[in-house]
Amino acid sequence: APPRASNGSREGAAGTWLRTQLAPGEVITAQSAAFERDPQESSTTDEELSRAGSPGSRGGSGSTTPDYGEKRLPQALIIGVKKGGTRALLEAIRAHPDVRAVGTEPHFFDRNYEKGLEWYRNVMPKTLDGQITMEKTPSYFVTNEAPRRIHSMAKDTKLIVVVRNPVTRAISDYTQTLSKKPEIPTFEVLAFKNRTLGLIDASWSAIRIGIYALHLENWLQYFPLSQILFVSGERLITDPAGEMAKVQDFLGLKRIVTEKHFYFNKTKGFPCLKKPEDSSAPRCLGKSKGRTHPKIDPDVIHRLRKFYKPFNVMFYQMTGQDFQWEQEESDK
């Protein structure tokens, strides 16, 4: 089936709107944007991937499925977004006995595509008939080539996107990089091309990833909305069982991961996973999750909210879902 092009220039409403937000000469479209490769995006190394794909490996899955069956290309992918809650979602869905997922991020459709589908298949865990193979690489959502490449692998692939208030997401993204590179400039410096004029630097990846409508246009040229599930990163924290019910329904799975699987950790501020029949301590995400954000100038946050608002509204219209990020901010 040929991909569905939105128009001749392949630049939709979000791309046009973004162009109006930028200074003259700063034309950036969904197709031409050169995303900076953030080394902090994933800790996955080639060595980890080769271990995941080695004989006898369980692909990094926490499941207790014995090591037999066969390796299959994934039928479902968590494609984004970075710092949205993708690791929490992956850990939760891996508690389902009918899901097998590789724990490392393969980065096949953005960084390792030249290695070929057999390499990709070999990275996957073995599955039995009726089990779903999954992986997550959050940078796929903002990679221009990823939709076409995934469509050419299997046009019926199910896609999951975890989205979060883009202002909070940008600060979380910056916080992660800051923890590894304390010498980087402040968030305020990086967020603006011109602070006096209030001109946001939309080419900075921490800002750009949150322009969800822009990236989604790229995916909708290849996949119908019915094949994409949008998970709320906020509700994944406040109501993990409710969001997981939607995920399991979307994947055609029985609702096995329920509220019994979650325990809210007040210290970390988000839920931890436990096995209902297991008396051991709940398994929480590592220390790299839930870091305390640096204090950001309220004026910068206000300007960012204003910058993102039209894109958020466009995203709500495109997906048919209101994530209520503006309402959430007015409550603060």
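**Entry 1: ground rules**

I number residues from 1 along each chain as its sequence is written. The model is predicted, so I note that local features need pLDDT of at least 70, that side-chain atom pairs count only at pLDDT 80 or more, that totals for chains, interfaces and linings use all residues, and that side-chain values use heavy atoms, with hydrogens and water left out.

**Entry 2: overall make-up**

I looked up the secondary structure and found 13 helices and 11 strands. Helices (H or I, at least four residues) and strands (E, at least two) are DSSP runs, numbered from the N terminus. The protein has 332 residues, and 52% of them count as buried. Buried means under 20% relative accessible area, exposed means over 50%, and partly exposed lies in between (1.4 Å probe, protein chains only). I also looked at contacts, meaning heavy atoms within 4.5 Å. Among contacts with a separation of 6 or more, 74% join residues 24 or more positions apart.

**Entry 3: the nonpolar cores**

A nonpolar core is a set of buried Ala, Val, Leu, Ile, Met, Phe, Trp, Tyr and Cys residues joined through side-chain atoms within 4.5 Å. The largest one has 57 residues, and Phe 187, Trp 219 and Phe 315 have the most contacts inside it. Helix 12 gives the largest share of this core, 10 residues. Another core, of 24 residues, lies apart from it and includes Ile 93, Ala 101, Val 231 and Leu 253.

Which residues does Trp 219 touch, not counting those up to four places away in sequence? I list Ile 79, Tyr 140, Phe 141, Ala 146, Pro 147, Ile 150, Leu 159 and Ile 228.

**Entry 4: helix 9 against helix 12**

I looked up how helix 9 (residues 212-220) and helix 12 (residues 298-319) pack, and found an angle of about 30° with the axes 8 Å apart. Axes are lines fitted to C-alpha atoms, for helices over the stretch in contact, and angles run from 0 to 180 degrees between N-to-C directions. From helix 9 the contact takes Tyr 212, Ala 213, Leu 216, Glu 217 and Leu 220; from helix 12 it takes Phe 311, Met 314, Phe 315, Met 318 and Thr 319. By class, this contact has eight nonpolar, one polar and one charged residues. Here Ala, Val, Leu, Ile, Met, Phe, Trp, Tyr, Cys and Pro count as nonpolar, Asp, Glu, Lys and Arg as charged, and the others, Gly among them, as polar.

**Entry 5: helix 5**

Helix 5 (residues 146-153) is mostly covered, with six of its eight residues buried. The buried ones are Ala 146, Pro 147, Arg 149, Ile 150, His 151 and Met 153. Their cover includes strand 2, helix 4 (117-123), strand 6 and helix 9.

**Entry 6: helix 11**

Helix 11 (residues 240-250) is largely enclosed by the rest of the structure, because eight of its 11 residues are buried. I noted Pro 240, Ala 241, Glu 243, Met 244, Ala 245, Val 247, Gln 248 and Phe 250 as buried. The cover of these residues includes helix 3 (86-93), strand 9 (228-232) and helix 10 (233-238). Gly 252 follows the helix and has a positive phi, near 75°.

A salt bridge is a side-chain nitrogen of Lys or Arg within 4 Å of a carboxyl oxygen of Asp or Glu. Glu 243 is buried at 2% relative accessibility, whereas Lys 246 is partly exposed at 39%.

Lys 82 pairs with Asp 173, with the closest N and O atoms 3.0 Å apart. Lys 82 sits in the loop between strand 2 and helix 3 and Asp 173 in helix 6 (residues 166-180), so the pair ties together parts that are 91 residues apart in sequence. Lys 82 is buried at 4% relative accessibility, and Asp 173 is buried at 2%.

Asp 173 also meets Arg 169 in a salt bridge (3.0 Å, N to O). Both lie in helix 6, four residues apart, about one turn of the helix. Elsewhere, Arg 195, Asp 297, Asp 299 and Arg 303 are linked in a network of salt bridges.

Where does UniProt place the feature "active site"? The unreviewed entry puts it at Lys 83; UniProt annotations may be inferred rather than shown by experiment. Lys 83 is in the loop between strand 2 (76-80) and helix 3, and at 14% relative accessibility it counts as buried.
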